[in-house]
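Please examine the sequence and the structure before reading on.

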Amino acid sequence: MSRAGAVGAHVLIIDDDEDIRRLLTMRLHARGFRVTPATSAEEGLASIAVDPPRLVVSDIRLPGRDGLSLFEELRTTRPSLPVILLTAHGTIPDAVEATSRGVFGYLTKPFDSQTLLAKIDQALLVSAAPEAQPQPTDDGRWLEDIVYRSTSMAELLADARMVAASDASVLIRGESGTGKEVLARAIHRASARAQGPFVAINCGAIPEPLLESELFGHVRGAFTGAASARGGLVQAAHGGTLFLDEIGDMPLALQVKLLRVLQERVVRPVGSTSAEPVDIRLLSATHRNLETAMAQGQFREDLYYRLDVVSLTLPRLEERREDIPLLAAHFLRKLAEKYGKPISGFAPDALEALATAGWPGNVRQLLNVVEQCCALCSTPLIPASLVQRSLRVPAMEALSYAEAKRRFERDYLVRLLKLTDGSVADAARIADRNRTEFYRLLQKYDLTPAMFRGVETGNAPD
């Protein structure tokens, strides 16, 4: 069995016996694994939340919650995470019950180290099936533009990597701008089809009369303007992956034809009497609620179940705020190179502004804001004022009442004197103050009437 994919894999060891923890950690380190030890189920669950492993090896008898209870929670919250249980009091009925409930392995103490290591290798092969495929991507390049530290993204990507091993259709859900196409490309790169084409089409961006021809192609003379035969995007994706973005916007008539392609694995170009075989893996995405669309008769139920074999939901950027500094830095590095700007990062208050902003446009909006900042920045660090400008948020300063009053008085006096062309008498009358008091105010702010005589007012030129 190849262990290329197992090297560096993260294994969580849960056992309240210090000698067992030390022995297992030493053996696994020697095999190239990264190991996190824990002494209880609660400590293990906390570790999983922070740094999800690819495998859990746990004793059954633990202080507080036992290993089977831990497994039951993991089966609900992380069904793809394999668990191997160890016990010093094992019986055959116990082992049968544990494995029937979904435990990957069950070993009694004292256990043979080689047997345990073989079981761990088997579990890792299952939990990272893409690595057993002909074109695995073990070096992280399958992620490319996906940067994260949030647990929600780690869990999502673990599921994405696992499903990439199969040809199962995947429906990617998420709000606009969350990165649905980026995830689809990652799944393609992690699959056995990675060397084949990745063809993407936005079903909502192409007029309905043209969408059928774009998808399935057409023969010469199929319609007005069809001067020559032309293959469609389905045929172009042969041997690779077809990504249909905004599948919820596909007209009902085309939904029927797409369903036929998925069922029969053939495509019939517009105007043709013959069908062509096609080998594709279908990924689709939507920001719409397809269940509601089905209830309203806008989306076919039979097509829905063909598309939604596996469903992955991308979180909103506001739900993964801990990723914002990483994403911003990642985008800035690329954009600074693109624009030839010697920008090294964001000022601390600028990062705080990014991390606390509302992001209705999600990651796409963050990229747009970082690009605006990069294009307009003339300093090594991007300041908070530029971030606020790009976010279209008025700059806010924490001013004391006295400072706010001082600024208002000065600006008010300046506007009055501009309006009256430096006439103190007219300005004092408008302000409803006597001239003596008005002169004292001017002196307070080092303003003289002569500064405003002959000054033109108006808007700056465009």
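Two strands are said to pair if DSSP finds at least two bridges between them.

## Overview of the chain

The model is predicted. Its chain has 462 residues, of which 44% are buried. The secondary structure comprises 19 helices and 14 strands.

Contacts can also be sorted by how far apart the partners lie in the sequence. Of the contacts between residues at least 6 apart in sequence, 70% join residues at least 24 apart.

Five strands with parallel pairing make up an open sheet in the order 2-1-3-4-5. At its edges stand strand 2 (34-38) and strand 5 (105-108), and each of these pairs on one side only. On average, neighbouring strands of this sheet are turned by 15 degrees against each other, direction ignored.

Strand 1 (residues 10-14) runs parallel to strand 2, and five bridges join the two. Helix 2 (residues 41-50) packs on the sheet, where it touches strand 1, strand 2 and strand 3 (55-59). The direction of helix 2 makes about 165 degrees with that of strand 1. Helix 1 (residues 18-30) lies across strand 1, strand 2 and strand 4 (83-87), and runs at about 170 degrees to strand 2.

Is strand 4 largely enclosed or left open by the rest of the structure? Five of the five residues of strand 4 are buried, so this strand is largely enclosed by the rest of the structure. Both of its faces are covered. Val83, Leu85 and Thr87 are buried on one side, while Ile84 and Leu86 are buried on the other.

Strand 4 also has a pairing partner on each of two strands. Strand 3 runs parallel to strand 4 and is joined to it by four bridges; here Asp59 stands opposite Leu86 in strand 4. Strand 4 and strand 5 likewise pair in the parallel sense, over four bridges, and the bridge partner of Leu85 in strand 5 is Tyr106.

Another open sheet consists of five strands in the order 7-8-11-6-12, with parallel pairing. Strand 7 (198-202) and strand 12 (310-313) stand at the edges with a single partner strand each, so one side of each is left without a neighbour in the sheet. From one strand to the next, the twist averages 20 degrees.

Strand 7 pairs with strand 8 (residues 241-245) in the parallel sense, over five bridges. Within this pairing, Asn202 has Asp245 in strand 8 as its bridge partner. Helix 6 (residues 151-163) packs on the sheet and touches strand 6 (170-173), strand 11 (281-286) and strand 12. The direction of helix 6 makes about 150 degrees with that of strand 12.

## Helix 17 against helix 19

The axes of helix 17 (residues 401-419) and helix 19 (residues 435-444) come within 10 Å and cross at roughly 115 degrees. This crossing is left-handed.

Which residues meet where helix 17 and helix 19 are in contact? Helix 17 contributes Glu409, Leu413, Leu416 and Leu417, and helix 19 contributes Phe438, Leu441, Leu442 and Lys444. By class, this contact has six nonpolar, no polar and two charged residues.

## Leu335 and the cysteines

Leu335 is found in helix 13 (residues 324-339). Its relative accessibility is 8%, and buried means under 20%, so Leu335 counts as buried. Leaving out residues up to four places away in sequence, Leu335 touches Leu367, Val370, Glu371 and Cys374. Leu335 and Cys373 are 38 residues apart in sequence, and 9.8 Å separates them in space, C-alpha to C-alpha.

The structure holds zero disulfides. Cys377 is buried, with a relative accessible area of 5%. Cys203 also counts as buried, at 3% relative accessibility.

Definitions and conventions
Residues numbered from 1 in each chain as written. Predicted model: local features only at pLDDT ≥ 70, side-chain atom pairs only at ≥ 80, totals over all residues. Heavy atoms only, no water. Axes fitted to C-alpha atoms, helices over the stretch in contact; angles between N-to-C directions. Left-handed = near helix turned anticlockwise from the far one by under 90°. Contact = heavy atoms within 4.5 Å. Nonpolar A, V, L, I, M, F, W, Y, C, P; charged D, E, K, R; others polar. Disulfide = S-S within 2.5 Å. Buried < 20%, exposed > 50% of the residue type's maximum accessible area, 1.4 Å probe, protein only.
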